[in-house]
Amino acid sequence: IDPRVVTDAVGLEKDVDGFAAANVGQVALSGVAPRFCPCTPQGCLTLLRTTGVSLRGKDAVVVGASNIVGMPMGLLLVQEGCTVTTCHVDTTDLGAHTRRADILVVA
């Protein structure tokens, strides 16, 4: 089963996980409230906000570049004013990236 075919078969109004290309695009656009935002990245952002620490200007590192968590998380952090580095399977010296992070999200 091709996951893209399945995702594309779900109507945008029913894509509550925000996986459809149009919904992902809305997450990427500044100033546009997405119809649905992927729940795990949104939950991580909610947790970060509860700390009361401003996210603006922080260096954020997201470990994982999946379409479900990593990439949307990076987009949401950019919208919060973070400088974001996304690490993935081909990242060299992962430890150096994680040590310099003000915010670390492992997705």
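**Figure 1. P34 in the loop between α2 (21-28) and α3.** In this predicted model, P34 counts as partly exposed because its relative accessibility comes out at 28%. Leaving out residues up to four places away in sequence, P34 touches N23, Q26 and V27. For N23, the C-alpha atom lies 6.3 Å from that of P34, with the two residues 11 apart along the chain.

**Figure 2. The largest nonpolar core, which has 13 residues.** Look for L55, M73, L77, C82, I103 and V105 here: these touch the most other members. Two or more residues each come from α3 (39-50), β1 (59-63), α4 (70-79) and β3 (103-106). The top contributor is α4, which gives three residues.

**Figure 3. Contacts of L55, a member of that core.** Set aside the neighbours within four places in sequence, and L55 is in contact with L45, L48, E80, G81, C82 and I103. One of these contacts, E80, turns up again in the next view.

**Figure 4. A salt bridge between the side chains of E80 and R49.** The N to O distance is 2.5 Å. This pair ties together distant parts of the chain, 31 residues apart: E80 sits in the loop between α4 and β2 (83-87), and R49 in helix α3. With a relative accessible area of 44%, R49 is partly exposed.

**Figure 5. A salt bridge between the side chains of R4 and D8.** Here the N to O distance is 3.8 Å. R4 and D8 are four residues apart in helix α1 (residues 3-9), so about one helical turn separates them. R4 counts as partly exposed, at 38% relative accessibility. The salt-bridge count for the model is two.

Technical notes: Residues are numbered from 1 along each chain as its sequence is written. This is a predicted model: local features need pLDDT of at least 70, side-chain atom pairs count only at pLDDT 80 or more; totals for chains, interfaces and linings use all residues. Side-chain values use heavy atoms; hydrogens and water are left out. A nonpolar core is a set of buried Ala, Val, Leu, Ile, Met, Phe, Trp, Tyr and Cys residues joined through side-chain atoms within 4.5 Å. Buried means under 20% relative accessible area, exposed over 50%, partly exposed in between (1.4 Å probe, protein chains only). Contact means heavy atoms within 4.5 Å. A salt bridge is a side-chain nitrogen of Lys or Arg within 4 Å of a carboxyl oxygen of Asp or Glu.
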